[in-house]
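Trainee: I would like to learn how to read strand pairing, cores and loop contacts in a model. Can we take them one at a time?

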Amino acid sequence: MKDFFDTWKFKILVGIAVFLVGIMAYAGANGRLTAAPQELLSVAAAPFQKVAAVVSGGVASLWEKYTSIDDVMAENETLKAENAELRQQMVDYDRVKAENQAYKALESIQSQRPEMSYLSSFVIGRDPLDSFYGFTLDRGTLDGVAVNDAVVSDQGYLLGMVVEAEPTSCKVMTILHPNFNAAGVVSRTRDNGIVTGSSEYAADGLCVLTNLARNTLTEKSDQVVTTGLGGVFPADLLVGVVQELVPEVSGKSTIAVIKPGTDPRTVRHAFIITSF
């Protein structure tokens, strides 16, 4: 259609239409146009009058749509601003809610181990390569955090230890990391071993208790806690429960696969033990 409007034929037709309409207007004004010719001219000019009306109506409609789009865009910007404000309010609400839950957890954990000093902290980052091996907390040396501080969950389960401390943040190595080591013991049997991570089980959120006797009496569901040997970790920190027992490669000892009481991979809040 657009190509037709640009042709010389269309321009000639428009010129004829304008000429005929002009004749009709002049003759009608001077009373010189009879009914038959007038009707003929009206019929001839009708298609061009319709085209003009359509074009005029299209322009008006296009303008109305343009102004309507402006209104919609303005309303959209207003809604975006309101939505951003609501999202911020939700973030603030979630933060306040999390802080309230942390205070309640602090009261509970302090009532269980009042001899310890706890520092409430939130997870602000995780290891980009292996999230189960480490995470970052929003507390640092300015808050009294030091390397080797133990880190526990809201329920008091061991999560790991501080390995790097900056002024306002610290990095935690979780109990799933193969380099993590803490002296542990099975509560029921008093079998001693080393709580550490294993690349074989870490992705599943599991750690291990190594160096158990080959004929250990430890069983599935037995509770594992820290012994306090070495002075890095307090004694009797909860670790988790035995999920299965597997023989060590050499066959000389047994490994207890442990399911931590709190999964270090998903924790969002933790307590740093600054003294005990």
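This is a predicted model: local features need pLDDT of at least 70, side-chain atom pairs count only at pLDDT 80 or more; totals for chains, interfaces and linings use all residues.

Trainee: In what sense do strand 3 and strand 12 pair, and over how many bridges?

Mentor: Their pairing is antiparallel and runs over 3 bridges.

Trainee: Which residues have the most contacts inside the largest nonpolar core?

Mentor: A core is a set of buried nonpolar residues joined through side-chain atoms within 4.5 Å. The largest one has 31 residues, and Tyr 118, Phe 180, Val 195, Leu 209 and Val 224 have the most contacts inside it. Among the elements that each supply at least two residues of this core are helix 3 (35-112), strand 8 (207-213) and strand 10 (238-247). Another core, of 13 residues, lies apart from it and includes Leu 119 and Val 267.

Trainee: What is Val 224 in contact with, beyond four places in sequence?

Mentor: Its partners include Val 185, Val 195, Leu 209, Leu 238 and Ile 258.

Trainee: Where does His 177 lie?

Mentor: His 177 is in the loop between strand 5 (170-174) and strand 6 (182-186). A polar atom of the His 177 side chain lies 2.9 Å from the backbone nitrogen of Asn 179. Not counting residues up to four places away in sequence, His 177 touches Tyr 133, Thr 196 and Gly 197.

Key
Residues are numbered from 1 along each chain as its sequence is written. Side-chain values use heavy atoms; hydrogens and water are left out. Helices (H or I, at least four residues) and strands (E, at least two) are DSSP runs, numbered from the N terminus. A polar contact is a pair of N or O atoms within 3.5 Å; within protein, one must be able to donate a hydrogen and the other to accept it, and residues adjacent in sequence count only if both atoms are side-chain atoms. Contact means heavy atoms within 4.5 Å. Buried means under 20% relative accessible area, exposed over 50%, partly exposed in between (1.4 Å probe, protein chains only). Two strands pair if DSSP finds at least two bridges between them.
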